[in-house]
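Reader: I am new to this structure. Please take one part and look at it closely, then show me what lies around it and beyond it.

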Amino acid sequence: MTQFEELPEGCIATILSRTTPVDACRLSLVSNTFHSAADSDAVWIQFLPSDSQFMDSIISNSPSLVNLPSKKALYLALSDRPIIIDNGLKSFQLDRKSGKICYMLGARSLSTAWVHDERYWKWITMRTSRFPEVARLLNVCWLESHGTINTITLSPNTEYAAYVVFKMIDAKGFENRPAKLSVFVEGGHSSTKIVCLDPNVEDRSHSRVEGLECPNVRSDGWLEIEIGEFFNSGIENEKVKMEVLEKGSYWKRGLFVEGIEVRPK
């Protein structure tokens, strides 16, 4: 009986292309033939988004991607860092382990109440942000922001979660104040939860935010908190609306909004 590693390299590449990026890297250690097959374009092109026009548009937004030597190199570059697209309004990235599509809607692409009134919000540049601008909250008592994404732009048959990404610097008005986060899928699923946006609340035992979820610190230094989850079947092009709402009577300031990120759960 022929041993698995004795199969022609093309057959091995076909098999590996039906696994995952992690499996392909692991199996490349089996033998020299496996290593050659696992590095081939025939394998890694299957892990990239299948829409060639879409991929061309992504590559055109980042000149460093144009002359990469292989599909594997392209995959690794797309999963290594976000690519800024749509004139600085959004970012695109591949999940390193699965190859699933991740998006972040920058603050400029969100609908935020009074964001264009300089009495309440200001657009600024922050060195730590991936985007050219972030929204700095100067003073509001009604915080409302939402973003919309079409499921056709995401990976099919995938459970996604949406996260609001922000910082708080000398913030006021968020102490012990619950906020409402919601996800609405057009014509279907919706979910709402109450959270605390303030990352500095230490004693919640006698406060209005007792037991509520609080933000986590990301690897890039920003804070994030999950808005909600949804499943993208890939069958229909549906709109997903993600909303952050805090409408207490307390005036708030010191919030810096980078955007809303949608990534595989």
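Author: Start with a definition. A residue is buried if its relative accessible area is under 20%, exposed if over 50%, and partly exposed in between; the probe is 1.4 Å and only protein chains are considered.

Residues are numbered from 1 along each chain as its sequence is written. The model is predicted, so local features need pLDDT of at least 70 and side-chain atom pairs need pLDDT 80 or more, while totals for chains, interfaces and linings use all residues, and side-chain values rest on heavy atoms, with hydrogens and water left out.

The part to look at is helix α6, residues 71-80. Which of its residues are buried? They are Leu74, Tyr75, Ala77, Leu78 and Ser79. Several elements cover them, including α2 (21-27), α4, α5, β1 and β2. Cover is judged by contact, that is, heavy atoms within 4.5 Å.

Now take Tyr75. Its relative accessibility is 0%, so Tyr75 counts as buried. Rings of Phe, Tyr and Trp (the six-membered ring of Trp) pair if their centres lie within 6.5 Å; planes under 30 degrees apart are stacked, over 60 edge-to-face, and the rest tilted. The whole structure holds seven such aromatic pairs. In one of them, Phe47 and Tyr75 have ring centres 6.4 Å apart and planes at 65°, so the pair is edge-to-face. Phe47 sits in the loop between α4 (41-44) and α5 (52-60), 28 residues away from Tyr75 in helix α6, and the pair links these distant parts of the chain. Phe47 is buried too, because its relative accessibility is 8%. Trp44 joins in: ring pairs link Trp44, Phe47 and Tyr75 into a cluster.

Strand β2 is among the elements that cover the buried residues of α6. It has a ring pair as well. Phe92 and Tyr103 are edge-to-face, at 5.9 Å centre to centre with 70° between the planes. Phe92 belongs to β2 and Tyr103 to β3 (residues 101-106), so this pair ties together parts 11 residues apart in sequence. Phe92 is buried at a relative accessible area of 0%. Tyr103 is buried as well, at 6% relative accessibility.

Asp86 lies in the loop between β1 (83-85) and β2 (90-94). Its phi is near 50°, a positive value in a residue other than glycine. Most residues other than glycine have a negative phi. Asp86 counts as partly exposed, because its relative accessibility is 38%. Asp170 also has phi near 50°. Asp170 is found in strand β8 (residues 158-172). With a relative accessible area of 64%, Asp170 is exposed.

Now step out to the sheets. Strands of a sheet pair through backbone hydrogen bonds, parallel or antiparallel. Here two strands pair if DSSP finds at least two bridges between them. Five strands form an open antiparallel sheet in the order β4-β7-β13-β9-β10. β4 (111-112) and β10 (190-196) stand at the edges with a single partner strand each, so one side of each has no neighbour in the sheet. Inside that order, eight bridges join β7 (residues 143-150) to β13 (residues 239-246). Ile149 stands opposite Val240 in β13.

Other strands pair too. β5 (residues 121-124) and β6 (residues 134-137) run antiparallel, joined by four bridges. Trp123 faces Ala135 of β6 across this pairing. β6 also pairs with β14 (residues 253-264), again in the antiparallel sense, over two bridges. There the bridge partner of Arg136 is Phe256 in β14.

Last, the whole chain. It has six helices and 14 strands. Its C-alpha trace spans about 75 × 40 × 35 Å along the principal axes. Of its 265 residues, 45% count as buried. Among contacts between residues at least 6 apart in sequence, 66% join residues at least 24 apart. The Phe47 and Tyr75 ring pair, at 28 residues apart, is one link between distant parts.
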